Amino acid sequence: MKLHTSLITFFLLLSIPLFMFSQEEKPLKTQGLFEKQVKHLSEEFTSEINFVKAQEFYFKEQWDSTLVYSLKQLNENSKKIELNDLCYFFRGFSFKENEDFKAAKKELLKISKTFNFYNYVHIVLARIALEEGENEKAEQYYEYIKDVNTFELCGVKKSNIENNLGLKYLHSKEYSKAETYLLKSIASQEQEQDTLNLIAGYGNLASIYYEQMKDDKAIPYYLKAYQLSKQTNDFKAKRNASLNMSIVEENREDYKRALKYNIEYHKWADSVNSEINELEVERLENELNIQAKEKEVTVLQAENKAKVVERNGLLYTALVLLVLLGTTIYFYKEKIKTNKVITAQKEDLNELNTTKDKLFSIVSHDLRSSVNALKTSNAKLLENVEAKNLEQLDGLLQTNSSIVNGAYNLLDNLLNWALLQTKQSYFEIEPLRLYSIVEQVAYNYKPLMLDKVITFENNVLKSSRVNADQESLKIILRNLLDNAIKFSKANGFIKIYTEDTNKGYYDLVIEDSGIGIDEITIEDLLKESTLLPKKGNKKEKGTGLGLQLCKSMAKKNKGHFKIESKINEGTKMIISLPKTKQNG
Amino acid sequence: MDNVNILIVEDTTEESDALIKVLKANNYNIVGVATSFKKALELFYNNPVDLVVIDIFLNGSPDGISFAETISISPNASKPFVFLTSSTDRKIFERAKLTQPFSFLMKPFNELEILYALEMAFEKFYAQQDVFFNEEENTIISEEHLFIKKGKSLKKVLISDIIYIEVEEKYCNIITEKEKFVILISLTKVLTLLDNTIFSKTHRNFIVNTEKIIEIIPSDNLILLSGNHKATLSDKYKGLLKQIRTLK
């Protein structure tokens, strides 16, 4: 008998960790209120990132991470007791799961009494006490919670505690206490319809009676456990139940049954082993799979890296090429611009050169004819002097003087033109009295006009004052008057007057009753170029240099120059010059 | 009225001759022709000169400018002048321009141009712009002379010769010991430009040279002046009496 009991005790002992194991493996889906409340809190304190993470990991049962984040949360020294308590709780529970019971107890004891789930703390503490074999303490904690309804928390159930307490007392042979707790445990397990634990409960209760040799009470419970075990798929439960039954039958010396149970036991034991093997194989397979996957992941990562590098390389190359392209285009454009400028300059230079050449030929031609005329005239003069034909002398001398005057004017214009081009000459814009200037310039032409019977009127208002350079204004007037006389018919008139139509300007008009100029010639004359207009009408005399000078000088004096003309009626040459602002 | 005295500084005889001819024809008095810087200074300081006509280039160097510079820095002797030049060289002009007041004439020039240039020089020098050109005025007042435009030319009158001035609308009758003539000038200008320690207003229409006063008869409101001239002394200006006593 003694042997039997010890045997049974052994099996029971064996069965305890097994059963406990299966209990703790139970999925944790029924936390309900606790999880709800914690989630609710985490939503409320989304800013407490560490708390949110800690609770997340807690519910995922990743204990180490839970420990880390809860510690972080605590280190923030938040004044929120609710959060702190939860963190302590998470830590205590995590330590317990990691089987560091001392640390677990330490953390759990820090929780304030106001903690909403203080009962949970008791459960866990009780559980720890059990693990450490301190039955009385466990009982004490149990006392706190025994009146509370069903508790279940991460695999720790009230019934579980009851069951374990019962087992502990069974070991210490305090059977009556053990019986009480086991009965309570069975009662709550029956309520929960927790088959597996119920099998263990029945088995354990049966063992108590069996130990006390109360076979009559024990056997029905063993049978109950055996019957229940048939309903489950758990091979261990089946195995333990049938083993117990075989031992019981053997002790009752019903070997036939014992054998039957024993066979069953072996069958289940094999199943358990195969299951374990299967599990092992599965685990290994999984590991292999995981390794393969990891390798794959590594390869993919490497590939990704390579791709990223390649892509970056392409991007940089593209950028560099773009910049190069931009620079090239920029320089190319610059070059084109410079080329354009150079071409324009070259054209200008060519134009100027042509002008100069033309000017040269025209001027030298004119001078040559003038001098030639003078030569001829002088020869005549000499003849007449020799012949003492004094009456002719006067006329000849006058011809000479007019030839010389013409040549002088040409040379003067040439000099002024050269000075204007080289910008060497003195140029000072100052207030000028138009009337006086006109008088002074016209003075030189009076004899000529008298000779040609042209009436001259200076109708410029004495009050008209303009801002201009005196010498250039005189040059303009000389040329315009010269032209007017040159192209006037006998008995014509020349009038000079100002018009005040243009705001800020005086229009100085030199009007003649001469042959006039056609529009095409006017356009030619006024062209914005340094080119000398072609010598058109053969009857016309002059180089065109005079008008060019007038245009350039007017421009230099910040004025304008224009021509109005009607063929055979007359011409108006108009220079607009800025008015002098009258001060007082 | 006297002719205006002109000193010519010109090294080319033909040109100076032509100039002299034109100026004489317009009643200017030529005090001399200098052909060098030294001669010019000599003539300038030893003759009563009213204006100098200066050729910038004397024997190839711009001594004309040096001469102008010399006479313009001696304030008491300084006189108006006109530069003559045939070159528009900018550098020369920049230098000549520093001799303020600057007036110049380009060669070749005609009669009108030289006469105009002389008038401009007077206007600029005595800072009385637009006098000879304005139809309402014809007289410039310097410290010693009145320069009056008569026809194309200028005449001068020694201010100390004036006995009294009678204002008649826009005109002023100038009465000197020898003659009597009319000038165009505004009364205010006369009063501001004449030396008011010598000339005093005695009546709305009379300005009297106090140095020419022989006798004042306040009861008759009469002032007897030298040369048997008489001027009116109105009550408003009797303060003059005090002034004259203290002066004498």
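Q: How many salt bridges does the rule find across the interface of chain B and chain A?

A: The rule finds six salt bridges across that interface. This is a predicted model, in which local features need pLDDT of at least 70 and side-chain atom pairs count only at pLDDT 80 or more, while totals for chains, interfaces and linings use all residues. Residues are numbered from 1 along each chain as its sequence is written, chains are lettered from A and ligands numbered from 1 in the order in which they are written, and side-chain values use heavy atoms, with hydrogens and water left out.

Q: What makes the pair Asp130(B) and Arg465(A) a salt bridge?

A: The term requires a side-chain nitrogen of Lys or Arg within 4 Å of a carboxyl oxygen of Asp or Glu. The closest N and O atoms of Asp130(B) and Arg465(A) are 3.1 Å apart, so the pair is called a salt bridge.

Q: Which elements of chain B each supply at least two residues of the side that touches chain A?

A: They are helix 4 (90-97), strand 5 (104-106) and helix 5 (111-125) of chain B; helices (H or I, at least four residues) and strands (E, at least two) are DSSP runs, numbered from the N terminus. Helix 5 of chain B gives the most, with seven residues.

Q: How much area do chain B and chain A bury between them?

A: The two chains bury about 1900 Å², 51% of it on carbon and sulfur atoms. Buried area is the accessible area (1.4 Å probe) that two parts lose on being put together, summed over both. In chain B, Leu112(B), Tyr116(B) and Phe133(B) lose the most area to chain A, together 30% of what that side buries. By contact (heavy atoms within 4.5 Å), 22 residues of chain B meet 19 residues of chain A.

Q: Why is Asn209(B) called buried?

A: Buried means under 20% relative accessible area, exposed over 50%, and partly exposed in between (1.4 Å probe, protein chains only). Asn209(B) has 0% relative accessibility and therefore counts as buried. This residue lies in strand 13 (residues 206-209) of chain B, and its side chain reaches the backbone oxygen of Ile162(B) at 2.8 Å. Among the residues that Asn209(B) touches are Tyr164(B), Phe199(B) and Leu225(B).

Q: How do you know that the span of helix 4 of chain A is close to the expected one?

A: The expected span is 1.5 Å times one less than the number of residues. Helix 4 (residues 63-75) of chain A has 13 residues and reaches 18 Å from its first C-alpha to its last, close to the 18 Å expected. Its buried residues, including Trp63(A) and Leu67(A), pack against helix 3 (49-59) and helix 5 (81-97) of chain A.

Q: Which form, cis or trans, does the peptide bond from Lys107(B) to Pro108(B) take?

A: The bond is cis, with omega near -5 degrees. Pro108(B) lies in the loop between strand 5 and helix 5 of chain B.

Notes:
Polar contact = N/O pair within 3.5 Å; in protein donor to acceptor, adjacent residues only side chain to side chain. Lists of a residue's contacts leave out its neighbours within four places in sequence.
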